[in-house]
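Subject: Structure handover

Hello,

Please find the structure below. My notes on what was found in it follow.

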Amino acid sequence: QVQLAESGGGSVQAGGSLRLSCAASGATYSLSAMGWFRRAPGKEREFIGDITLSGSATYGTDSVKGRFTISRDNAKNTVYLQMNSLKPDDTAVYYCAARGIGTFALTWRYWGQGTSVTVSS
């Protein structure tokens, strides 16, 4: 089994920055891509982006391109979400997720508990 634990959330003023971390533990050898999602109040879950084992990142929503950066440190089994130029619309609970390998790579198999980000204007 794999456990994912997010950290780094909090409150920040518009224009500020935060870096979220997601540490994986357990059977980390069974992980492939890792990703970030968020759910804003009253909205559906939104895919932010993901990153492959080799470090290639893609982003799923235009609203974060140029402001958010996903990276990972495989030695630490940790993926990061650097968020700059934050806006009140970025207020949400942020979740990290991970895909398995083989047939388990088809879905986001593992999820963290989420970390809350609040951006005030």
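Leaving aside neighbours within four places in sequence, Arg-38 is in contact (heavy atoms within 4.5 Å) with Glu-44, Arg-45, Glu-46, Ile-48, Ser-63, Val-64, Phe-68, Asp-90, Ala-92, Val-93 and Tyr-94. The model is predicted: local features need pLDDT of at least 70, side-chain atom pairs count only at pLDDT 80 or more, and totals for chains, interfaces and linings use all residues. Residues are numbered from 1 along each chain as its sequence is written, and side-chain values use heavy atoms, with hydrogens and water left out.

Arg-38 is found in strand β4; strands (E, at least two residues) are DSSP runs numbered from the N terminus. At 6% relative accessibility, Arg-38 counts as buried. Buried means under 20% relative accessible area, exposed over 50%, and partly exposed in between, with a 1.4 Å probe and protein chains only. The Arg-38 side chain makes polar contacts with the side chains of Ser-63 (3.4 Å) and Tyr-94 (3.0 Å). A polar contact is a pair of N or O atoms within 3.5 Å; within protein, one must be able to donate a hydrogen and the other to accept it, and residues adjacent in sequence count only if both atoms are side-chain atoms.

Tyr-94 also belongs to the largest nonpolar core, which has 28 residues. Such a core is a set of buried Ala, Val, Leu, Ile, Met, Phe, Trp, Tyr and Cys residues joined through side-chain atoms within 4.5 Å. Among the members that touch the most others are Trp-36, Phe-68 and Leu-81. Leu-81 touches residues including Trp-36, Ile-48, Phe-68 and Tyr-94.

One disulfide (cysteine sulfur atoms within 2.5 Å) was found in a search of the whole structure. The bond joins Cys-22 to Cys-96, S to S 1.9 Å. Cys-22 lies in strand β3 and Cys-96 in strand β9, so the pair ties together parts 74 residues apart in sequence. Both cysteines are buried.

There are four aromatic pairs. Rings of Phe, Tyr and Trp (its six-membered ring) pair if their centres lie within 6.5 Å; planes under 30 degrees apart count as stacked, over 60 as edge-to-face and the rest as tilted. Phe-47 and Trp-108 have ring centres 6.4 Å apart and planes at 40 degrees, so this pair is tilted. Ring pairs link Phe-37, Phe-47, Trp-108 and Trp-111 into a cluster.

Regards

Terms used. Helix = DSSP H or I, 4+ residues; strand = E, 2+ residues; numbered from the N terminus.
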